[in-house]
Amino acid sequence: MNLNRGIKMLVKRGNDDELTVLIDKMVDDLSSTSSRAIPSIHRVGDNLRSINEKAYDPMTVAIGPIHRDKPHLKSMDHQKKKYLKLFLDSMGERSVDIYVREIRSLEERARRCYAEETLIGLRKDDFVLMLLLDAIFILEFFRRYNEDDERKLTNKEKDNDVIFRFGNVKNYVLNDLVLFENQIPFFVLEKLLQLSKTRDKNEVADLFWPLVSKSAQKSLQDCSITNSNNPPPHLLGFVHYVESLQFSPNLYANNEMKNINSAMELNEAGIIFKKREEEGSFLDIKFEKNKIYVPILAIADLTESNWRNLIAYEHYLPCRNQRKYTDYMYFMHCLIHDPRDAKLLRRCGVISTWAGGDEMVYRLMKQMGNNVQPSDMFSYNDVFEGVNRHCMKRKNTWLAVLRRDYFDSPWKVISLVAGFVLLGVGIVQMVFAILSYCKFLLPN
């Protein structure tokens with residue numbers, strides 16, 4: 001509501017109290033925005049960000065409005081302009097006129113994708129320019145990434161590109177493109193792909209495959225991202241969608257707080273951890289008989305950042321959505337209460353790390369579990385219930401203690417057998433002694 005409308009209200013209401021008019025204005029402003037679409041790009045809330053702020057901040061390139069004014073990211077603006085020129089040259093065009101017109105037509109729709117506080121002070125032309133430069137930067141980056149992977153990028157092209165001149169920079173850019181606060185709407189990328197006249201059925205899959213794990217790349221080829229009824233809102237949403245495709249948990253409502261014992265405690269209760277060998281989603285954890293099958297979790301330098309941003313993305317989804325990554329991290333948080341738990345999982349092949357030892361894994365999982373609340377329809381309800389049923393049976397614990405204390409090495413088995421043999425010999429000797437004594441006492 002503008003100032004003139006506020007003045008008209010004051011005149012209309014005559015002697016109404018000014019505070020009443022102000023409150024009515026606030027309510028009217030809220031009703032005018034109530035029909036607005038739910039935004040998909042936000043600033044990460046303090047409850048998540050305070051644990052590790054750096055996990056959400058880009059290191060090399062700003063995409064979208066939230067980080068665009070940070071000084072250490074300004075150097076990449078020149079590369080964005082270079083990529084714009086490369087894009088136009090590849091299209092045989094000298095002007096950006098057609099692309100500006102198309103992006104301008106999407107401007108209002110794109111604005112609705114952002115929470116209001118992220119766009120303060122951003123004028124229309126500045127917003128359109130940002131979308132154009134960032135979208136073309138993303139498309140050209142992945143085009144060159146694929147060429148570099150196929151060894152089609154010449155040394156001269158690498159030398160003239162600050163990103164591909166050094167191998168580590170392209171990996172940092174790749175990570176920056178899947179940060180929750182560092183996004184532009186996916187439909188902007190789609191529009192530019194359509195305009196570039198090089199799109200085919202699997203264009204998205206062909207272009208963005210470096211963002212997903214090897215196990216998910218088959219799903220990427222088999223699925224139709226852009227024709228989906230619920231297309232991804234941005235690149236991070238794209239990664240979340242593709243990585244989750246192969247995981248279909250058994251869901252049923254259970255509002256009770258979920259919990260299981262730590263890995264060491266479960267092991268003492270006779271539960272064995274096994275690395276899941278077959279292909280599929282790394283989220284797919286199964287419990288069968290007394291074994292928990294867990295796909296390998298590889299922990300590297302950027303693992304924490306990747307997971308925190310996926311969890312932040314899920315945090316802002318409507319409640320009806322399944323929070324699979326949050327549920328997975330809650331599961332791992334329950335398992336690892338101590339460095340010894342991390343050591344057990346590492347020895348079982350469930351955890352692989354290049355970024356530190358068992359103490360580091362324990363601290364990481366402890367921090368990752370802070371302020372994390374699992375889904376109402378928890379993805380691992382069936383696993384938790386199966387594990388807890390197993391642990392409630394005393395015979396399972398007794399058998400586990402027996403195996404741990406007496407059958408964990410050949411020498412203990414030999415000692416136990418020898419002990420039973422000696423006990424048997426002792427009993428036989430005692431029986432013979434009693435019989436001899438009784439025979440002595442009985443009269444002839």
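# Close-up views of helices and a sheet

**Helices H5 and H7 make a right-handed crossing.** A crossing is right-handed if the near helix is turned clockwise from the far one by less than a right angle, and left-handed if anticlockwise. This is a predicted model, where local features need pLDDT of at least 70 and side-chain atom pairs count only at pLDDT 80 or more, while totals for chains, interfaces and linings use all residues. Residues are numbered from 1 along each chain as its sequence is written, and side-chain values use heavy atoms, with hydrogens and water left out. Helices (H or I, at least four residues) and strands (E, at least two) are DSSP runs, numbered from the N terminus. H5 (residues 97–105) packs on H7 at an angle of about 115 degrees, and their axes are 10 Å apart. That puts H5 roughly perpendicular to H7 (65 to 115 degrees; under 35 is roughly parallel, over 145 roughly antiparallel, the rest oblique). Axes here are lines fitted to C-alpha atoms, for helices over the stretch in contact, with angles from 0 to 180 degrees between N-to-C directions. On the H5 side, Tyr99, Val100, Ile103 and Arg104 meet Asp125, Val128, Leu131 and Leu132 of H7; contact means heavy atoms within 4.5 Å.

**H7 runs from residue 124 to 149 and is mostly covered.** From first C-alpha to last, its 26 residues reach 37 Å, close to the 38 Å expected at 1.5 Å a residue (1.5 Å times one less than the number of residues). Of those 26 residues, 19 are buried, with buried meaning under 20% relative accessible area, exposed over 50% and partly exposed in between (1.4 Å probe, protein chains only). Just past the end of H7, Arg151 takes a positive phi of about 60 degrees.

**Gln79 sits buried in helix H4 (residues 76–91).** Its relative accessibility is 4%, so Gln79 counts as buried. Leaving aside neighbours within four places in sequence, Gln79 touches Phe137, Asp161, Val162 and Ile163.

**Helix H13 (residues 235–244) is largely enclosed by the rest of the structure, because nine of its ten residues are buried.** The buried residues include Leu236, Phe238, Val239 and Val242. His240 and Glu243 are on that list too.

**H16 (residues 324–335) and H18 (residues 358–368) cross in the left-handed sense.** The two axes come within 9 Å and cross at roughly 130 degrees, so H16 and H18 are oblique to each other. Where they touch, Met329, Met332 and His333 of H16 meet Met365, Lys366 and Met368 of H18.

**Three strands build an open, mixed sheet in the order E1-E3-E2.** E1 and E2 are the edge strands, each pairing on one side only. The twist averages 25 degrees from one strand to the next. Strands pair if DSSP finds at least two bridges between them. E1 (residues 272–275) pairs with E3 in the parallel sense over four bridges, and Lys275 has Val294 of E3 as its bridge partner.

**Strand E3 (residues 291–294) has one covered face and one uncovered.** Ile292 and Val294 make up the covered face, while Lys291 and Tyr293 are on the uncovered one. In the hairpin of E2 and E3, which has two residues between the strands, Lys289 takes a positive phi near 55 degrees.
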